[in-house]
Amino acid sequence: MVLLEGLHHISLGCSDLKRSIEFYQDLMDFELQEESERHAVLKLDPISIRLNFIEGYKSGVKNPGEASLAFILDVDDFTDAIKELEESNIEIVKGPVMIDGGESILITDPDGNFIEFFYNE
């Protein structure tokens, strides 16, 4: 058995580091921890995302069941999130849809990486 101490980060490709950093900071309040020409690390305790610059990158994931970031919110924040997405002209690609005990919406970041926001009551 491999003895793990925890999850360090999740890596995502991006075609424009500055744009992706701004997206995660402005929309979800991630904090920039580290930045170079080729990558950036953003943190929202306890989650760290490493954005890796890949020229011409666009996510090839077609089904969010393959890979997505899923964030839980309370019901009031979920409603506010929908309003903020609409005001920011960020397309909701699916939802809101009913899930067990709540609702879910799906968006993508600027490079097509899936992000889910949901709540459970």
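## Notes on a predicted fold

1. If neighbours within four places in sequence are left aside, Met 28 is in contact with Phe 23, Leu 44, Phe 71, Ile 115 and Phe 117; contact here means heavy atoms within 4.5 Å.

2. A word on the ground rules. This is a predicted model, in which local features need pLDDT of at least 70 and side-chain atom pairs count only at pLDDT 80 or more, while totals for chains, interfaces and linings use all residues. Residues are numbered from 1 along each chain as its sequence is written, and side-chain values use heavy atoms, with hydrogens and water left out.

3. Buried means under 20% relative accessible area, exposed over 50%, and partly exposed in between, using a 1.4 Å probe and protein chains only.

4. In soluble globular proteins, nonpolar side chains tend to be buried together.

5. Now look around H1 itself. Its buried residues are Leu 17, Ser 20, Ile 21, Phe 23, Tyr 24, Leu 27 and Met 28. They cover an arc of only 160° around the axis, so they sit on the same side of H1; the arc is that of the directions from the helix axis to the C-beta atoms. Lys 18 and Asp 26, on the other side of H1, are exposed.

6. Next comes the sheet. Four strands form an open sheet in the order S1-S4-S3-S2, with mixed pairing. S1 (10–14) and S2 (31–35) stand at the edges with a single partner strand each, so one side of each has no neighbour in the sheet. From one strand to the next, the twist averages 25°. H1 (residues 17–28) packs on this sheet and touches S1, S2, S3 (39–44) and S4; its direction makes about 5° with that of S3. Axes are lines fitted to C-alpha atoms, for helices over the stretch in contact, and angles run from 0 to 180 degrees between N-to-C directions.

7. How do the strands pair? Two strands pair if DSSP finds at least two bridges between them. S1 and S4 (residues 47–53) pair in the parallel sense over five bridges, and Gly 13 has Asn 52 in S4 as its bridge partner. S2 and S3 run antiparallel, joined by four bridges; they form a hairpin with three residues between them. Within this pair, Glu 34 stands opposite Val 41 in S3.

8. Finally, some backbone details to check by eye. Most residues other than glycine have a negative phi, and most peptide bonds are trans. The bond from Asp 45 to Pro 46 is cis, with omega near -5°, and Pro 46 is in the loop between S3 and S4. Another cis peptide bond joins Gly 95 and Pro 96, with omega about 5°. Asp 29, in the loop between H1 and S2, has a positive phi of about 65° although it is not a glycine. Asp 29 is exposed, with a relative accessible area of 57%.

Definitions and conventions: Helices (H or I, at least four residues) and strands (E, at least two) are DSSP runs, numbered from the N terminus.
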